[in-house]
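Hi,

Here is the structure I said I would pass on.

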Amino acid sequence: MNSERKTASIFGWLFIATFVFSIPAFFIFYAPVLDKPAYVTGAGADQGTLVGLGAVFEIILIIANVGTATVLYPIIKRQSETGAISYVSARLVEATFIAIGIIAILVMLLLRDDTPRIGNIAIGQVLVGVYDRAFLVGPGFFAGLANGVILGYLMYKSGLVPRGMTMLGLIGGPLVMLSGIAIMLGLTERGGALQGIATIPEFFWELSLGIYCVVKGFKPSPITAGSEPTAAAV
C-alpha cells in the first residue's frame with residue numbers, strides 16, 4: 001500500500017468513526033440528561049455509567065474529527081495550503097464546541113449528588129442549554145463549513161474523489177450552516193423538519209466520502225503524484 005492509499009484509508013476510517021461515535025452518544029447515551037434536565041436534582045434512576053460512556057464516545061469523536069484534517073493535510077496542502085489550514089482550523093473550532101458540550105454533561109453528573117439539597121431544576125436546564133447551543137455552533141454550523149464548504153471545495157478542485165460526489169458537500173454544507181443560523185435566530189426549531197432536511201446532503205456526503213476513501217482510495221491526481229497544481233488549476 002503506497003503512502004497516498006494508506007492516507008486515504010486512514011482518512012476514510014476516521015470519517016466513518018465520526019458516525020459510529022457521534023450518533024449513539026447523542027441519541028442513546030445522553031438521553032437521560034438531554035430529555036430530563038431534572039436528572040441533576042437526583043430524579044430518576046442513576047444513569048451515570050451510560051451518560052459517562054456517551055462522554056467517552058464524544059472524546060473519541062473529537063480525536064476522529066481532528067484526525068480527518070491532520071491526516072489529510074500533507075496531501076491537500078499541495079492543492080491549497082490556505083484551504084488545508086482553513087480545514088484544520090474549522091475542525092479544531094468544531095471540536096472545541098463539542099468539548100464544551102462534554103463538560104456540560106460531566107458537570108450534570110458531578111452535581112447530581114449535591115443538587116438535591118438545592119432542589120433547583122434550573123441548574124439542569126442551564127447545563128442542557130449549554131450543551132444544546134454548543135452542539136448547534138459546533139456540529140450544527142462548523143461541521144457544514146469544514147466538511148461541506150471547505151473540504152468539498154478542496155476535493156472538487158483536487159479531483160481526489162469523484163467531482164459529482166463533492167456536489168453533496170458543496171450543497172449540503174451551506175444548507176447545514178443556514179439551518180443553524182435559522183435556529184439561532186429563532187426562525188425554526190432545533191431538531192425540526194427543516195433542519196432534518198437540510199442535513200441530508202451533508203450526511204450522505206460525509207458517509208460516502210468515508211466509504212469511498214476506504215474502498216477506493218484517492219483518485220489519480222497531480223497532487224497525489226507529488227506535484228503542485230498549475231496556476232490555471234488553482
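**Aromatic pairs and helix packing**

Phe26 and Tyr131 are both buried. Keep in mind as you read on that this is a predicted model.

I started with that pair, so here is the rest of it. The ring centres of Phe26 and Tyr131 are 6.5 Å apart and the planes sit at 20°, so the pair counts as stacked. Phe26 belongs to helix 1 and Tyr131 to helix 5, so the pair ties together parts 105 residues apart in sequence. Both residues also belong to one aromatic cluster, made up of Phe26, Phe27, Tyr30, Tyr131 and Phe135.

The structure has 13 aromatic pairs. Another one of them is Phe21 with Phe57, which is edge-to-face, at 5.0 Å between centres and 65° between planes. Phe21 is in helix 1 and Phe57 in helix 3 (residues 48-76), so this pair too links distant parts of the chain, 36 residues apart. Phe21 and Phe57 are both buried.

Now the helices. Helix 1 (residues 3-29) and helix 5 (residues 122-158) have axes that come within 15 Å and cross at roughly 160°. That angle is why helix 1 is roughly antiparallel to helix 5. Their crossing is left-handed. On the helix 1 side, Phe11, Phe15 and Phe26 make the contact, and they meet Tyr131, Phe135, Asn147, Leu151 and Met155 of helix 5. Sorted by class, that contact comes to 7 nonpolar residues, 1 polar and no charged.

Helix 5 also packs against helix 6 (residues 163-184), with the axes 8 Å apart and an angle of about 155°. Helix 5 is therefore roughly antiparallel to helix 6. Here the contact residues divide into 17 nonpolar, 9 polar and 3 charged. The crossing of helix 5 with helix 6 is left-handed.

And how does helix 5 sit relative to helix 7, oblique or roughly antiparallel? The axes of helix 5 and helix 7 (residues 193-215) come within 11 Å and cross at roughly 55°, and the two helices are therefore oblique to each other. This crossing is left-handed as well. From helix 5, Ala143, Asn147, Gly148, Leu151, Gly152 and Met155 meet Glu202, Trp205, Glu206 and Leu209 of helix 7. By class, that makes 5 nonpolar, 3 polar and 2 charged residues.

Cheers

Key:
Residues numbered from 1 in each chain as written. Predicted model: local features only at pLDDT ≥ 70, side-chain atom pairs only at ≥ 80, totals over all residues. Heavy atoms only, no water. Axes fitted to C-alpha atoms, helices over the stretch in contact; angles between N-to-C directions. Helix = DSSP H or I, 4+ residues; strand = E, 2+ residues; numbered from the N terminus. Parallel < 35°, antiparallel > 145°, perpendicular 65-115°, else oblique. Left-handed = near helix turned anticlockwise from the far one by under 90°. Contact = heavy atoms within 4.5 Å. Nonpolar A, V, L, I, M, F, W, Y, C, P; charged D, E, K, R; others polar. Phe/Tyr/Trp six-rings, centres within 6.5 Å; stacked < 30°, edge-to-face > 60°. Buried < 20%, exposed > 50% of the residue type's maximum accessible area, 1.4 Å probe, protein only.
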